[in-house]
Amino acid sequence: MPKINRRNIFSSPICLLLNLLLAYIVYGVCRAAFLFENWQAFKDDITPQLTAGILKGGLIFDTSAILYTNAPYIVLMLLPLFLKESDRWQKVAKWVFVICNAICVTANLADSVYFQYTGRRTTVTVFNEFSNENNMGGIFGAEILRHWYLVILGLLLFFLLWKCYTMPKGEKPEAVKKPYQWKGMLRYHLLHLLCLAIFVPLCVAGMRGGFTTAVRPITISNANQYVDKPLQAAIVLNTPFSMIRTINKKVFTVPEYFAAGELDRIFSPLHEPADTVAMKRKNVVVFIIESFGREYIGGFNKWLDDGKYQGYTPFTDSLMEHSATWLYSYCNGRKSIDGMPSILSSIPMFVEPFFLTPSSMNDVSGIAGELKNEGYYSAFFHGAENGSMGFQAFARTTGFTEYFGRTEYNADKRFGGDNDFDGTWAIWDEPFLQFYALKMTDFKQPFMTAVFTASSHHPYKVPEEYKDIYPEEGIEIHKCIRYTDNALRRFFDTAKRQPWYDNTIFVITSDHTNLSDHAYYQTDLGGFCSPIIIFDPQGDIQPGMREGIAQQIDIMPTVLNYLGYNKPYIAFGCDLLNTPVEDTWAVNYLNGIYQYVKGDYLLQFDGNDTKAVYNFKTDQLLKNNLKGKVKEQEQMEKEVKAIIQSYMTRMTENKLVVNKK
């Protein structure tokens, strides 16, 4: 370990600076590991200019994180006390430094892996997200084995922190050896008070992001000023900063873009259908299929790989031929907990998952809650442990009558109970979807149900009996997609024999996207490509691929309007079956950037200014920024501002439902 062999009155401050420099080196190695682990997502965009931006921004965000997390250590090293010159005090300071920075190393390296599923750095809400899970030990264990090289790197960095730590050694300062010499004592105290007085404002400035941060400290969204695309902001950021800056932070702040009357003229989520329409009392069945991204479905990608792409979903491809689909369809979030509010309640994910914000305590409705007004029975199905991911609570909040989880599955003697558990998350999709199909036969019609599948999920396994049928191919999730697609086929084989089948409309989508091996699906927009498929066995909904834009939050108004629901309700999406193609749109949020898709263009907006505009249809990899060059930009800015303001207003004022008389 480096030593300052002869102590002087400034030994502790000098050691402090050297050890903070060591922390910077460790953070830099973690950033390199993050980039290495996610190279496929960034390799096409790395340029000297972007690299310079990453280095500059990374230094600013690392400074903030290092000063926040090392604050206890800094205090230990700068307190103007003779006591801190003792060997015991210095050993305690060393342990504090090593432990604090080892935790940060662990967070950064773990996020190198988790980023593949979320597209962003992890925030403090992750603790609430998985608070109801009891299987995290097994999941972490599997990841440690799969990413053993990151574990080795982490251990090497721990060793580096310990071995390269600089500690004062040798004779103590004269003032400490002879404390009765009041001049030495006074000099020591004054100089160390001066060091503290100089360092404190520097620390505060570093935590805030610099002396020029006049209005407020830097936040996650500030990372976008150093990169070209929102996805790249994750390279600039570090996980400790992302977590610290989201502790006890107000999630929703209402911008004042427009006056109330003008706002509603531009955009309003209030749907007021005509009350003269006859209600179609059809059943509604919604599939939220884990990680079932549009990339894996051949029917959406006939143009991919020069027209040679087959995909991994032969059944879904065949079902699409008899269904209404949209070529440009998107999810509104990147996590499982984003999917349920978007799909079932038409609430997109802005800033943080709705489940994890204070606004989750608002009055909330959804497809189930609205159809309850028409006498519908409703049930939500999820094959995981009851209460997992907060799905059961949200289902109850939005009006579902009953919930069927692993407990109810195990109680049904027609099935294999825990023998059908996948060992990590939930009941395998094939038996659980059979349970779902048969259970609906017990329900009084009309009913509205939704099922959230689980098998096409990390750690990407299929049942033992399918390992030879669905071997490894492409990337590891592909075999799981094939398995779930076949489970869906078997569901429909069973459902066709049930009395409720012909009187039902089926909606199929995914909660979010997942691993990708095509550049198109690795862009800022491509990471949100989810299918939206609406199948009506009676053919009342015209089958075919539409050219329009669709998103998960469109499902609720599309279903309710198709059924002829005649009461007012709140939904942020639009009715896809009756909205002109040119008026369809989609919105999502990525690393502090709102992405708004309409017509031929993608607009990226940071809440104040437009950062980029792309023609996403012709510029599929989003290379050519057209900011300031297309006439549509001004109107798109106006519309996305109205969507944001309306969303924030209703979240903060608890206006997500219509008070019905």
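C529 is tucked away from the surface: at 1% relative accessibility it counts as buried (buried means under 20% relative accessible area, exposed over 50%, and partly exposed in between, with a 1.4 Å probe and protein chains only). The model is a predicted one, where local features need pLDDT of at least 70 and side-chain atom pairs count only at pLDDT 80 or more, while totals for chains, interfaces and linings use all residues. Residues are numbered from 1 along each chain as its sequence is written, and side-chain values use heavy atoms, with hydrogens and water left out.

What about cysteine bonds? A disulfide is a covalent bond between the sulfur atoms of two cysteines. With a disulfide taken as a pair of cysteine sulfur atoms within 2.5 Å, the count comes to 0. C529 is in no disulfide, as the nearest cysteine sulfur, in C331, is 7.8 Å away. For C15, the closest cysteine sulfur belongs to C195 and is 12 Å off, too far for a bond. C15 is buried too, with a relative accessible area of 0%.

Aromatic rings turn up in 60 pairs. Rings of Phe, Tyr and Trp (its six-membered ring) pair if their centres lie within 6.5 Å; planes under 30 degrees apart count as stacked, over 60 as edge-to-face and the rest as tilted.

A charge sits over a ring if NZ of Lys or CZ of Arg is within 6 Å of the ring centre and within 35 degrees of the ring normal. R121 does this with F34, its charged end 4.1 Å from the ring centre. R406 lies over the face of F421, at 3.7 Å from the ring centre.
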